[in-house]
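Student: I would like to learn how to read a structure like this one, feature by feature. Where do we begin?

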Amino acid sequence: MYTQLEQRGMPKPPVNVATLAKMKAEKEPIACITAYDASYAVLVDAAGADLVLVGDSLGMVIQGHDTTVPVTVDDIVYHTRAVARGLRRAFLVADMPFMSYTNPAQALDNSVRLMQEGGAMMIKLEGGEGQLEIVEHLARHDIPVCAHLGLKPQSVHKIGGFKVQGRDEHKAKEMIVTAERLQNAGADIVLLECVPNELGEDISRALEVPVIGIGAGPATDGQILVLYDILDITQGRTPRFVRNFQQDHHSPLAAIEAYVAAVKDQSYPAPEHCFS
Ligand code: KIV
């Protein structure tokens, strides 16, 4: 049976979880990016991004907050719906905002909203040992899950700032075990933020599911960046892992294409974007 998308005569079929797993198996880097509206969704899709995340980073880059904490499920539903209208090929993931997954039943209700009202194909939650039961519950209900490890921005007030995680040996070992447990609980993707290169590599090797990095070094199965960072819209100090792709290109589309190409040929991330 053909899906509506396959019937639209696209040169490449839409990306799904199986495509992402195959890309990991075949060592094809997975190019991921955030988007928050339909116009940019059209551009990132045209540029060949494999996965698009409606991140709760929208709280910072769209709404102007200092953290992602104020973002609500309604906000994510609204932006996901807009992005879904602009995509044809890319796989659409939506973030579960702060306190929207405090127990399995609440997590399931809110995931269903992101998928049914927003059109998301997978939800992402900031996970650890405390979220294993939730991931298991969602997986049991066939909700595709991306588990976000390393720097978890929703915990910024608990950890005291946006800092590199897993630098000491004990914490690094703990993170590898947690990543394996999340995979075993049913996570389909793990996203790793701000960890040393070596830990990014160890976790990517240890897991069967794709590992997408942001500031996690060159050895993860894919890379993700915040769209407004690569387009040089974000003002002020940006994290070390950000690269401005706009400076050498005449249009946002050309800049996003350059980002996708750099992920695919592994010229991004370069050593200056990484942590040791
Ligand atoms: O919210 C977001 O955009 C994210 C990315 C930084 C990965 O989680």
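Tutor: We can begin with charge. This is a predicted model, and its chain carries 24 positive and 35 negative charges. Lys and Arg are counted as positive, Asp and Glu as negative.

Student: How far apart are the mean positions of the positive and negative charges?

Tutor: They are 1 Å apart.

Student: What does the surface consist of?

Tutor: The accessible surface of the chain comes to about 12600 Å². Carbon and sulfur atoms account for 51% of that area.

Student: How many helices and strands are in the chain?

Tutor: The chain has 11 helices and eight strands. Its radius of gyration is 17 Å, close to the 19 Å from the globule rule for 276 residues, so the chain is as compact as a globular protein of that length. The C-alpha trace spans about 45 × 40 × 40 Å along the principal axes.

Student: What share of the residues is buried?

Tutor: A residue counts as buried when its relative accessible area is under 20%. In this chain, 55% of the 276 residues are buried.

Student: And how should I read contacts by sequence separation?

Tutor: Take the contacts between residues at least 6 apart in sequence, and ask what share joins residues at least 24 apart. Here that share is 64%.

Student: Which residues of the largest nonpolar core touch the most other members?

Tutor: A nonpolar core is a set of buried residues of nonpolar types joined through side-chain atoms within 4.5 Å. The largest one here has 88 residues, and those touching the most other members are Val 44, Val 52, Leu 114, Leu 125, Leu 138, Phe 245 and Tyr 259. Helix α11, residues 252-264, supplies the largest share of this core, with seven residues.

Student: What does Leu 138 touch, beyond residues up to four places away in sequence?

Tutor: Leu 138 touches Ala 107, Leu 108, Ser 111, Ile 123, Leu 125, Ile 143 and Val 145. Consider also His 137, which lies in helix α6, residues 132-140. With the same exclusion of sequence neighbours, His 137 touches Pro 104, Ala 105 and Leu 108.

Student: Is His 137 buried or exposed?

Tutor: Buried, because its relative accessibility is 17%, and the cut-off is 20%.

Student: Could we take a strand residue next?

Tutor: Ala 94 is in strand β3, residues 91-95. Its relative accessible area is 0%, so Ala 94 is buried. Leaving aside neighbours within four places in sequence, Ala 94 has contacts that include Leu 53, Val 54, Ile 76, Leu 114 and Met 122.

Key
Residues are numbered from 1 along each chain as its sequence is written. This is a predicted model: local features need pLDDT of at least 70, side-chain atom pairs count only at pLDDT 80 or more; totals for chains, interfaces and linings use all residues. Side-chain values use heavy atoms; hydrogens and water are left out. Buried means under 20% relative accessible area, exposed over 50%, partly exposed in between (1.4 Å probe, protein chains only). Helices (H or I, at least four residues) and strands (E, at least two) are DSSP runs, numbered from the N terminus. Contact means heavy atoms within 4.5 Å. The radius of gyration is taken over C-alpha atoms; the globule rule is 2.2 Å times the number of residues to the power 0.38. Accessible areas come from the Shrake-Rupley method with a 1.4 Å probe; for residues, only the protein chains shown count as cover. The place of a charge is taken as NZ of Lys, CZ of Arg, CG of Asp or CD of Glu.
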